[in-house]
Amino acid sequence: MASDAAVIETNGNEPSYLDYKGKHSGIKGWLLSTDHKRIGILYMIGILAFFFVGVFLGFLMRLELISPGETIVSAETYNQFFTLHGVIMIFLFIIPGIPAIFGNFFLPILIGAKDVAFPRLNLFSWYLYLTGGTLALLSIVMPGGPADTGWTFYIPYSVRTDTNVILSLSAAFILGFSSLLTGLNFITTVHRLRAPGMTWFKMPLSVWSFYATAWVQVLATPIIAITLMLVAIERLFHIGIFDPALGGDPVLYQHLFWIYSHPAVYIMIIPAMGIVSEIIPVFAHRTIFGYKFIAFSSIAIALFGSLVWAHHMFTAGMSDAGQLIFSLLTMIVAIPSAIKVFNWVATLYKGSIDLATPMLYVLAFIFLFSIGGLTGVMQGVISIDIQLHDTAFIVGHFHYVMFGGTGFAMFAAFHYWMPKMFGKMYNRKLAKIAFWFIFIGFNFLYFPMLVMGWLGMPRRYYDYLPQFHPYHLISTIGSWILIIGLIIMFYNLFKSLKSGPIVTEKNIWGGETLEWQIDSPPIHENFTEIPVIEERPYVYKDNEPPVEKEETV
Amino acid sequence: MSTNTLVHVEVNIHRDDIGARLGMWLFLFTELILFGGMFIIYSVYRFTHQEEFHLAAQELNTIIGTFNTIILLTSSLTMVVSIVAIQKQKRNLSLLFQMLTIFLALFFMVNKYFEWTAKFHHGIYPGSDTLLNENSGHILFFGLYYMMTGLHGLHVIIGVVMISFMMRFTFKGIVTYDNYVKLENTGLYWHLVDIIWIFLFPLFYLIT
Amino acid sequence: MDKQDINTEHSHGYGIYVLVWLGLLALTGLTVAVAGINIGGFTIVTALLIASVKAYLVLAIFMHLRSESKIFTVFALVAAFFLIISFILLFSDYSFQ
């Protein structure tokens, strides 16, 4: 953002937030820090740790499915694997993912603020996150083992099973609160702490997406909180609210569960779209096309996304009228997502595209998200959904959206912002190699699921008919390629933190938003002087050749 | 929002009472929607078990319910005037009103306690044999009754704890006539607890 | 700009609050009285209507929504909208079952 450059005078002598000495030093200086940047890093550590656990569980599940029959684990263990994989990946990785790491680190910087509105609440959210995560892992070692209900905790099975359902429920409950408080913090921050001149339509697009996400977090999360609490109480006291044996209605549970959990899908994807909107103009060296359309489509997705939940329940015994209404609304929610895709593509058109690693991940995002989105629209058609419900097609679809979408956007963000966050550069060549492993592995892993699901392979089965063997075999091999890619990528990123070349330049990519005008890594209070914003973001002179930069590797 | 209102929030250790209240309101919405989930469940079961809900509601004591409504409304009044008192620099008066609020809240809880224990004596509690022999509408009504009034009671207790802290803050001069946003936010919370009861009362006690 | 002026604003007297409190008590009496009369399906409608008026009074006066900046009201409407739309869509299923 072309703010008045004269206003920002960064003082080279001021220590970065990494070296900053506050009230506490050492490890305490991190665990008790209310600096939004340090909290972002704390989240990064937690989220990545859980991500690795989730990936490992996924790897084991794929290994079990490499051949028909029992391969490495029993059916019960397999059920616990996919439940834990779901709970960890959804509640501990994807939902907090981009907002908690990059939102915390960059949201205040992008609007020209020194911190979020409630810094102590922010730290408290991280401790809630940690508590929730610990509870989820604790269920593994407790007698009875982790829940085997699937991450959806469907009644009546979740009331009957002997596994540690309550532990997993409390984990999700606490994590919900963590996510909700982060949302509350972001909304207040965006409303109250924008720098002078930073009007709504001068905000970077990722801020819009964090803002829209925050609203969904605040409004939808309480519903899941109360619903999961009721399941726990149902198990403890038999109040009968959901238990069909006592007159309760299990379909009502599904309604309430999805009133939150469908909007939660947008909690996962909207920030990812924000990242994409941030990266595309920088590497296409072109002003973003349709700024207002992208900004408002974030709000529109948040709004329409709250109206479509029952499309998860077409086969659960809804009324015909209800099915028709929700099918129609599901079609509508595809529109704002498509608007974004068209605007991104239009931004790329005639741009001078620099295929750096962040851009590769973003282009992959657009491709994979389009597959995920279109297969999603297919399922919105009731007649097709009845055929596809609970098949591997669904698993393929939401991995294309969640991993191919949000996951890839997060990897893009790592490669885009890590040099700013730590002042170190990764090996660019290795990063590209890792990308191709991940991209190819990903498609080998999930595309066969779409095919075999279409042919009738059910999801959540540890065994299958022999005719599905080739697909499962390809898929499992894909998982290995993907994991090799992930290992290379994280090795490269972690190694850069230790021994990567130091980045001294403030603006390594030629970005036009505020974070590129401050030191790398930023100083404790981000800005020595609060900037005054005068122009809208992403102003590039069209088709201008990229500014010649020194290659840092 | 115009940029003018943002000028004063420049420093890191800033004071932004509007922001603090904005955050509190957002939190209140989450509380409202938490109860909203229960109200959704209530409305669905009332829709599917209308007659049974009518009969079950007859077992609740309307008089205690009305009495508790009056107590809670009055406590909302004492809460809000405690803020007026602190604005007018009358610290002791404010403390008195805060204490009255706590007193009324505890009074509410004592009533609730007697109401619940009376039900328990009649064998009406979740999972009891008496209740399980009744029809499903009856079980659902009392399941919701215990769940919703219980959750509300929990909020009353949290409110009492919060107001106790505010009394301490007022006493120690942390909450003062020119810096009372903490007390104000506690008040907002307390009024929300009141609003929820305003809806719970007719839905459980007045549908006979 | 003096900080105090921004941060501490809405100061009413005690009077309006006592008035609202009396109004709330009167409405409570009314809703109990109406519940005694059998007017069929309208019983629940009147009860909820009276409760909504009471809630409005608490929100507007006790919680100062009337004197706060407009953004607070907008926020409250967003939250209410979310809840109401959830009710409506849920009943689009249940009322046809």
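Modeller: Two residues are in contact if their C-beta atoms, placed from the backbone, lie within 7 Å, and helices are DSSP runs (H or I, at least four residues) numbered from the N terminus. Here A:His262, A:Pro263, A:Tyr266, A:Ile270, A:Met273 and A:Ser277 of α8(A) meet A:Ile294, A:Ser298, A:Ile301, A:Ala302 and A:Gly305 of α9(A). This is a predicted model, in which local features need pLDDT of at least 70 and side-chain atom pairs count only at pLDDT 80 or more, while totals for chains, interfaces and linings use all residues. Residues are numbered from 1 along each chain as its sequence is written, with chains lettered from A and ligands numbered from 1 in the order in which they are written.

Biologist: How many nonpolar, polar and charged residues does the contact of α8(A) with α9(A) have?

Modeller: Ala, Val, Leu, Ile, Met, Phe, Trp, Tyr, Cys and Pro count as nonpolar, Asp, Glu, Lys and Arg as charged, and the others, Gly among them, as polar. By that scheme, the contact of α8(A) with α9(A) has seven nonpolar, four polar and no charged residues.

Biologist: At what angle do the axes of α8(A) and α9(A) cross?

Modeller: Axes are lines fitted to C-alpha atoms, for helices over the stretch in contact, and angles run from 0 to 180 degrees between N-to-C directions. The axes of α8(A) and α9(A), the latter spanning residues 291–305, come within 9 Å and cross at roughly 170 degrees. Angles under 35 degrees count as roughly parallel, over 145 as roughly antiparallel, 65 to 115 as roughly perpendicular and the rest as oblique, and α8(A) and α9(A) are therefore roughly antiparallel to each other.

Biologist: How does α8(A) pack with α10(A)?

Modeller: Their axes are 9 Å apart at an angle of about 10 degrees, which makes α8(A) roughly parallel to α10(A). The contact joins A:Met273, A:Val276, A:Ile280, A:Pro281 and A:Ala284 of α8(A) to A:Lys340, A:Trp344, A:Thr347 and A:Leu348 of α10(A), and its residues divide into seven nonpolar, one polar and one charged.

Biologist: Which helices of chain A each supply at least two residues of the side that touches chain C?

Modeller: The contact between the chains takes 13 residues from chain A and eleven residues from chain C. On the chain A side, α8 (250–284) and α10 (320–348) each supply at least two residues, and the largest share, four residues, comes from α10(A). By class, that side of chain A has seven nonpolar, five polar and one charged residues.
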